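Me: I would like to go through one protein chain with you, a few questions at a time. Here it is.

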Amino acid sequence: VRCHALDGRGGRLGPDLAHIGASVDRARLLQSILAPSSEVSPEFQAYVVTRRDGSVLEGSQLHWNATADAATLDLVDGQTVTIRSADVASIVAPPTSFMPEGLEHTMTTSELQDLLAFLEQRR
């Protein structure tokens, strides 16, 4: 709900799944579920921004606006925040995906097969 969009609803941290079956085959869909950090598209790179006040923001889609000397970041809670560069202490791009490891352990084999079939049909 917070990470992927489908039919105009949902989040923006991960790819829109509306037409995922047209561009990704079953093996790659399964790989994305089993090992989500094995391949992270640059547009969905995770970022951890630590501000000078010590607060930490996590999100993706970090876009710098040189004219405004600020950046926007889509947070994991679905909000978009603007951060002035003067307020940034550090920015780290972790090598891991926001998509958690082990999702396959939260469903039965049949449910995983149904999920793959559903995603494959999204054309």
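Me: In which strand is the place of Gln61?
Reply: This is a predicted model, where local features need pLDDT of at least 70, side-chain atom pairs count only at pLDDT 80 or more, and totals for chains, interfaces and linings use all residues. Residues are numbered from 1 along each chain as its sequence is written, and side-chain values use heavy atoms, with hydrogens and water left out. Strands are DSSP runs of E with at least two residues, helices are runs of H or I with at least four, and both are numbered from the N terminus. Gln61 belongs to residues 56–65, which are strand β4.

Me: Which residue has its backbone oxygen 3.4 Å from a polar atom of the side chain of Gln61?
Reply: Leaving aside neighbours within four places in sequence, Gln61 is in contact (heavy atoms within 4.5 Å) with Arg12, Glu43, Phe44, Gln45, Thr72, Leu73 and Asp74. One of these also supplies the backbone oxygen at 3.4 Å from the Gln61 side chain: Glu43.

Me: What distance separates the C-alpha atoms of Gln61 and Leu13?
Reply: Along the chain, Gln61 and Leu13 are 48 residues apart.

Me: Which residue in β7 is the bridge partner of Val48?
Reply: Strand β3 (residues 46–51) pairs with β7 in the antiparallel sense, over four bridges. In β7, the partner of Val48 is Val92.

Me: Which element gives the largest share of the lining of the largest pocket?
Reply: β1 (5–6), β2 (9–10), α1 (20–23), α2 (26–34) and α3 (109–121) each supply at least two lining residues. The largest share, five residues, comes from α2.

Me: How many helices and strands does the protein chain have?
Reply: From the N terminus on, the elements run β-β-α-α-β-β-β-β-β-α. The count is three helices and seven strands.

How values were computed. Two strands pair if DSSP finds at least two bridges between them. A polar contact is a pair of N or O atoms within 3.5 Å; within protein, one must be able to donate a hydrogen and the other to accept it, and residues adjacent in sequence count only if both atoms are side-chain atoms.
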